[in-house]
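Good morning, everyone. Please have a look at the sequence and the structure on the screen, and I will then take you through some of the details in turn.

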Amino acid sequence: MPKRKTSAATQPGNRRRSIRGANSLPTLAEILNRPSALTVFITGAGLSAASGIPTFRHSPDAVWKGDVWTSATRSAWRKGSVGWWNDFWLKSFPLQFDGYVPNSGHEAIARISNMSRGRVKVLTQNVDGLHQKTNESWNHEENLVEAHGRLGLYKCVPTEEQESNDDDLQQGIEDAESKNEDVSALEDEKRRRRKATWCKYADERSIAPREIVPEKVRKLMFCGEEEGEGKVMVKMGTSEDVQRDADADADAGADADADADADADADSDVQGGVNAAVAVPEKTPYAPMSERQQMKMILDMMEQERDADFVEVEAPVLPCSPLCPSCNRPLLPQALMFDESYSSHSFYQFDKFREWFKEADAFVFVGTSFAVTVTDMAVKEAKKRRIPVFNFNLESGRLEPSHSLNVENVVGKAEETLVQLESTLSSIV
């Protein structure tokens, strides 16, 4: 059997350099510093691991395990939405990620976006919303796509007949695209049909928790207590909250160290794990907490969870499904189910990130396992146009360079290697 030929990129010496990423950061920094270049960052669960959020695969506490592959589907939800919420979703996922804060990797990407002379776009597979909560302000409204959704938001779902008609039209669009035919008329028809026959929350808009009906279900999901009993939900970790608390401390002349000590001595009613809200007697919508207090609370909760001394509160049992405020049909979380397409809801911005991929001059993967469609799309595009790929990942998640894939693997913790990239870029801008 003839031996497989090796290109220069895959010969032993070059592969060793590629795996360790010795020359990767300066090369990527040069691309980021090029005014005409478009660099697309694609981030996965590995980026948020340092924030305390479990990865989705390849860890003892991974989210995607057990029957989640068959349960996290629209078809399973349709078989019985109340049971789906009570027996699967509420027991498997937090309702939102308010208890987590961005780590140095998120912050580095935000600063790189601001610092780069070229265009930087970020597509995240994560549903934690941390990219838009960074202390570093950046134009995430324009330059971020949450392709798998965001926990804390909800969507209506079209009827099966509406969905079938839409699928037929989408198939026609894909067939025309494969023949390089103009699809603008078909896409216009698809938008027209959705607008005319679908609920607005099934395509155009997302549903916030405060909009969910009926009221009893909404209270069970997000408060756990009847309103007016002196217990409220404390939102932790957003940059806005941190700034508000810092301003409040400054105005009052508060001593952060004294506040932290007082907070450590105070008894608190903790409901749940790291992501839990804390019930406190307070008349205002949010309890005034300094940044130091917030971080100390989060770290204490993480330590309790690691030591297995933490008692989790059972998920609420809903008497009926949460319902759409517009059409009163059962809701799904605004998260991409395994049997849903990226074009199933406008929140996932499929057309937008597809154009990014077509125009990209480089792809940067961060903490992804390459097990979803969007990463496969990006890798195929990179191979097709022979554009460079940079993979910030742990050893187990790296790509292999080949004759058709120009990839540099930067091995290490993303929260550290991304900061190194930021430093490299700052030295040449």
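Before I come to the first pair of helices, let me say that axes here are lines fitted to C-alpha atoms, for helices over the stretch in contact, and that angles run from 0 to 180 degrees between N-to-C directions. Helices (H or I, at least four residues) and strands (E, at least two) are DSSP runs, numbered from the N terminus. Please keep in mind that this is a predicted model, in which local features need pLDDT of at least 70 and side-chain atom pairs count only at pLDDT 80 or more, while totals for chains, interfaces and linings use all residues. Residues are numbered from 1 along each chain as its sequence is written, and side-chain values use heavy atoms, with hydrogens and water left out.

Let me begin with the whole chain. The protein chain has 17 helices and 11 strands, and 48% of its 429 residues count as buried, where buried means under 20% relative accessible area, exposed means over 50%, and partly exposed lies in between (1.4 Å probe, protein chains only).

Now to the helix pairs. Two packed helices are described by the angle between their axes and the distance between the axes. Helix α7, residues 104-115, and helix α17, residues 414-426, have axes that come within 8 Å and cross at roughly 25 degrees. That makes α7 roughly parallel to α17, since angles under 35 degrees count as roughly parallel, over 145 as roughly antiparallel, 65 to 115 as roughly perpendicular and the rest as oblique. The crossing of α7 with α17 is left-handed, a term used if the near helix is turned anticlockwise from the far one by less than a right angle, with right-handed used if clockwise. Contact means heavy atoms within 4.5 Å, and the residues that make this contact include A108, I109 and I112 of α7 together with L418, L421 and L425 of α17. By class, the contact of α7 with α17 has 9 nonpolar, 3 polar and 3 charged residues, where Ala, Val, Leu, Ile, Met, Phe, Trp, Tyr, Cys and Pro count as nonpolar, Asp, Glu, Lys and Arg as charged, and the others, Gly among them, as polar.

Helix α15, residues 350-359, packs with helix α16, residues 373-385, at an angle of about 25 degrees, and their axes are 9 Å apart. That makes α15 roughly parallel to α16, and the crossing of α15 and α16 is right-handed. Among the residues in contact are F350, F353 and F357 of α15 and V374, M377 and A378 of α16, and by class the contact of α15 with α16 has 6 nonpolar, no polar and 4 charged residues.

Is R74 buried or exposed? R74, which is found in helix α5, residues 74-78, is buried, with a relative accessible area of 7%. Leaving aside residues up to four places away in sequence, R74 touches V157, P158, E163, L332, M337, D339, E340 and S344.

Finally, some backbone details. Most residues other than glycine have a negative phi, and most peptide bonds are trans. The peptide bond from V213 to P214, however, is cis, with omega near -5 degrees, and P214 sits in the loop between α10 (184-197) and α11 (215-222). N328 is not a glycine, yet has a positive phi of about 65 degrees; N328 counts as exposed at 51% relative accessibility.
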